[in-house]
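Dear colleague,

Please find below the structure that I am handing over to you, followed by an account of what was found in it. I would be grateful if you could read the account alongside the sequence.

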Amino acid sequence: MKPMAMENNSSVTEFILLGLTDQPELQLPLFFLFLVNYAVTIVGNLSLMNLIFLNSHLHTPMYFFLFNLSFIDFCYSFVFTPKMPMSFVSERNIISFAGCMTQLFFFCFLVSAECFVLTAMAYDRYVAICQPLLYRVIMSPRVCSLLMLGSYLMGFAGAMVHTGCMIRLSFCDSNVINHYMCDILPLLQLSCSSTHVNELVSSVVVGTVVIVSSLIILISYALILYNILHMSSAKGSSKSMSTCGSHIVTVGLFCGFGLLTHVKPSTAGAVGEGKFFSVFYTFGVPMLNPLIYSFRNKDVKLALMRTLKGHKLSYEIGLSPILHLLPHWCSSSPHSFCSSFLLFIFHSIVWARFLS
C-alpha cells in the first residue's frame with residue numbers, strides 16, 4: 001500500500017469530464033435544454049426571493065426558511081451549469097484539480113445545507129399545526145436564525161470533511177471522470193491510493209445527515225398527521241394539509257432522486273442510471289422548487305399580483321416620457337439599428353427596475 005500524505009501528491013493536474021452522453025445527435029438539443037433550465041432556475045428563485053423580501057406579510061418563519069431554500073437553489077445552479085453545457089459543445093470538457101475540488105466542496109455544502117433547511121421547515125410546520133398558540137414564541141426570530149446558522153455550519157463542516165479527505169488522495173493513472181461533475185464516488189474510482197478512509201468517512205457523514213434529517217421530518221409529519229386526524233373541523237384539517245403539501249412534494253423530489261442517484265448496485269449500467277437520476281437531483285429540483293411553492297401557495301400568488309401591479313404603476317409614471325420620445329428618436333435616424341438599440345435599452349431599464 002502506498003503511503004498517504006496530508007498534502008496532495010497527485011501527478012494529475014486536471015480532469016476530463018465525460019458529460020452526460022456521447023451521442024452526437026443529442027448534444028445540441030441538450031445544450032439548449034440545460035440553458036433553458038439554467039434561465040428558469042435563476043429567474044424562478046430570484047423572483048421568489050424578491051417576492052418574500054418585498055412583501056411584509058411574507059415575513060414569517062415559514063417564508064424565512066423558503067427564502068433560504070431559494071437562495072441555496074440559486075447558488076446551486078452556479079456549481080454545475082457553467083461546466084455542464086461545455087460537454088455538449090466541446091470535444092474535451094476539462095476542469096482543473098483545484099476547480100474540481102471547489103465544485104465538490106460547494107456540491108457537498110449546498111446539498112447538506114438544503115437537507116437541513118428542509119428539516120427545519122418540517123419542524124416549523126409541526127409547531128404551526130400542533131402548537132399554534134405558542135408558534136410565535138417557539139419560532140421566534142432568534143430561533144429561526146439559529147436554525148439557519150446551524151444548517152449552514154453543518155453543511156460547511158460536512159463539505160470540509162469530504163473535500164479534505166479527497167485532497168489527501170493520489171490521482172496518478174486516469175484523469176477521465178465518467179460523469180458531468182466532480183462527485184465523490186467517480187473521484188474515488190480514479191484514485192491510485194487507498195480509499196478506505198474516504199469511504200468510511202463518507203458513509204458516516206452522509207449517514208448522519210440522512211438519518212437525523214429523516215427522523216425529524218418523519219416524526220414531525222407523524223405528529224402533524226395525528227393532530228389532523230383528531231381535528232373536529234374538516235376545513236381546519238384541509239387547511240393544515242394544504243400548508244404542508246408544497247413541502248411534502250419538495251422533500252419527496254429531493255430525497256427520492258437523491259436515493260435513486262446514490263443507492264444503486266455497482267455495475268456498469270448503474271453508472272449511466274446514476275448520471276440520469278442525478279440530472280433531476282442537481283438540475284430539476286432547484287428549478288421546480290419555486291414553481292411548486294408558487295402554484296400551490298395562495299400567499300405567494302397574492303404577493304406576485306401585488307408586486308406586478310406596483311411595478312406596472314411605476315412603469316407608467318416613471319417611463320412614460322421615454323415611451324413618448326422613443327418614436328421621435330427612431331424616426332430621425334435612417335437606420336433600423338437605432339430602433340433596435342433603443343428598444344434594447346428600454347427593456348433593460350424595465351427589467352432592471354423590476355428586479356431591483
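**Surface patch**

Leu 288 lies in helix α10. Please note that the model is a predicted one. With a relative accessible area of 32%, Leu 288 is classed as partly exposed, because that class covers values between the buried limit of 20% and the exposed limit of 50%. Leu 288 also belongs to a nonpolar patch on the surface, together with Val 36, Val 40 and Leu 291. The accessible area of these residues together is about 270 Å². Two or more residues of the nonpolar patch come from each of α1 (24-54) and α10 (268-295).

**Helix packing**

Two packed helices are described by the angle between their axes and by the distance between those axes. For α1 and α2, the packing angle is about 155° and the axes are 9 Å apart. Angles over 145 degrees count as roughly antiparallel, and α1 and α2 are therefore roughly antiparallel to each other. The crossing in which α1 passes α2 is left-handed.

Helix α2 (residues 61-80) also packs with helix α4 (residues 97-130): their axes come within 10 Å and cross at roughly 160°. This angle makes α2 roughly antiparallel to α4. Here too a handedness was assigned, and α2 passes α4 in a left-handed crossing.

**Salt bridge**

How many salt bridges does the count come to? The count comes to one salt bridge. Asp 124 forms a salt bridge with Arg 125, and the closest N and O atoms of the pair are 3.0 Å apart. The cut-off for this contact is 4 Å between a side-chain nitrogen of Lys or Arg and a carboxyl oxygen of Asp or Glu.

Are the two partners buried or exposed? Asp 124 has a relative accessible area of 1% and is buried. Arg 125, at 9% relative accessibility, counts as buried, because the limit for that class is under 20%.

Arg 136 is placed in helix α5 (residues 135-138). At 72% relative accessibility, Arg 136 counts as exposed, since exposed means over 50%. Along the chain, Arg 136 and Pro 61 are 75 residues apart, while their C-alpha atoms are separated by 8.8 Å.

With kind regards

Conventions
Residues are numbered from 1 along each chain as its sequence is written. This is a predicted model: local features need pLDDT of at least 70, side-chain atom pairs count only at pLDDT 80 or more; totals for chains, interfaces and linings use all residues. Side-chain values use heavy atoms; hydrogens and water are left out. Patches are made of residues with over 30% relative accessible area and no salt bridge: like charges are joined within 9 Å, nonpolar side chains (Val, Leu, Ile, Met, Phe, Trp, Tyr) within 5 Å. Accessible areas come from the Shrake-Rupley method with a 1.4 Å probe; for residues, only the protein chains shown count as cover. Helices (H or I, at least four residues) and strands (E, at least two) are DSSP runs, numbered from the N terminus. Buried means under 20% relative accessible area, exposed over 50%, partly exposed in between (1.4 Å probe, protein chains only). Axes are lines fitted to C-alpha atoms, for helices over the stretch in contact, and angles run from 0 to 180 degrees between N-to-C directions. Angles under 35 degrees count as roughly parallel, over 145 as roughly antiparallel, 65 to 115 as roughly perpendicular and the rest as oblique. A crossing is left-handed if the near helix is turned anticlockwise from the far one by less than a right angle, and right-handed if clockwise.
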